[in-house]
Amino acid sequence: MSKSLTTLISDVQALLLDDGTRFSTATVTAAVRSALKEFNQAAPIHAGTLVDTVAKQYEYALNTVDFVSLIDVEDVLLQGTDTARDINISLPYDYYFEDAAPFIRLREPQSAGRFLIVRFSIPYTVSGLESATESTLFAFYDDILIDGACFWSAQIRSAGRIETINLNQSVAENWLDVRRFYRQAFDHGLALAAGRKPPVSEPSTAAWNDNYHTWDQ
């Protein structure tokens with residue numbers, strides 16, 4: 001089970017050897033928010049759902065609960081019906097927003113009684129952050145998020161020291177080292193997470209000059 005915001009705050013404070021004096025709950029919460037934003041930009045959840053086709057309809061509103069926190073539409077396919085091969089056909093489409101709601105527009109309408117496979121990306125959530133009630137990150141990724149939160153906590157701490165009278169000039173340099181260490185760890189983790197392959201449509205193996213090419217599509 002992935003960690004909640006409360007647990008993440010405790011872990012960040014422990015790594016930074018703090019009892020909440022330098023890195024308050026509010027500071028670490030802001031840091032977790034920034035780290036999660038970066039994680040979701042690099043490696044969001046790749047999801048998919050079925051949408052019923054409507055005869056002669058070009059535009060489909062993506063207004064179900066699946067798309068509430070939609071980041072991007074990655075592919076639209078016509079679900080295969082051939083039991084022997086079951087090939088899903090990737091369809092040309094346009095993706096846009098209207099009145100703050102996402103839509104897809106097919107280049108060619110489909111017949112009724114079929115299904116569109118809409119593949120899309122949505123963000124991970126952390127329980128307790130932004131009213132989320134569930135942590136959807138894999139437990140394996142918690143440490144990556146913690147590295148990012150440590151970096152952002154140090155970044156926020158550094159920014160807060162800019163206009164403060166500082167009798168020890170090495171403090172700023174020490175924070176620079178902390179930020180650099182956690183930034184490198186976070187970037188490495190992001191690269192690892194972003195390397196996960198999203199789903200792709202299955203290409204047709206029929207030759208272009210085959211007499212039966214696309215006869216069942």
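This is a predicted model: local features need pLDDT of at least 70, side-chain atom pairs count only at pLDDT 80 or more; totals for chains, interfaces and linings use all residues.
**Ground rules.** I took local features only at pLDDT of at least 70 and side-chain atom pairs only at pLDDT 80 or more, while totals for chains, interfaces and linings use all residues. Residues are numbered from 1 along each chain as its sequence is written, and side-chain values use heavy atoms, with hydrogens and water left out.

**Fold.** I found 4 helices and 7 strands in the chain (DSSP runs numbered from the N terminus: H or I of at least four residues for helices, E of at least two for strands). From the N terminus, the order is α-α-β-β-β-β-β-β-β-α-α. Of the 217 residues, 36% count as buried (under 20% relative accessible area; exposed is over 50%, partly exposed in between; 1.4 Å probe, protein chains only).

**Helix 2.** I noted Val-32, Ala-35, Leu-36 and Phe-39 among its buried residues. Leaving aside neighbours within four places in sequence, Phe-39 is in contact (heavy atoms within 4.5 Å) with residues including Pro-44, Tyr-141 and Leu-190.

**Leu-176.** I located Leu-176 in helix 4. Leu-176 is partly exposed, at 36% relative accessible area. Leu-176 and Ser-158 are 18 residues apart in sequence, and their C-alpha atoms are 8.0 Å apart.
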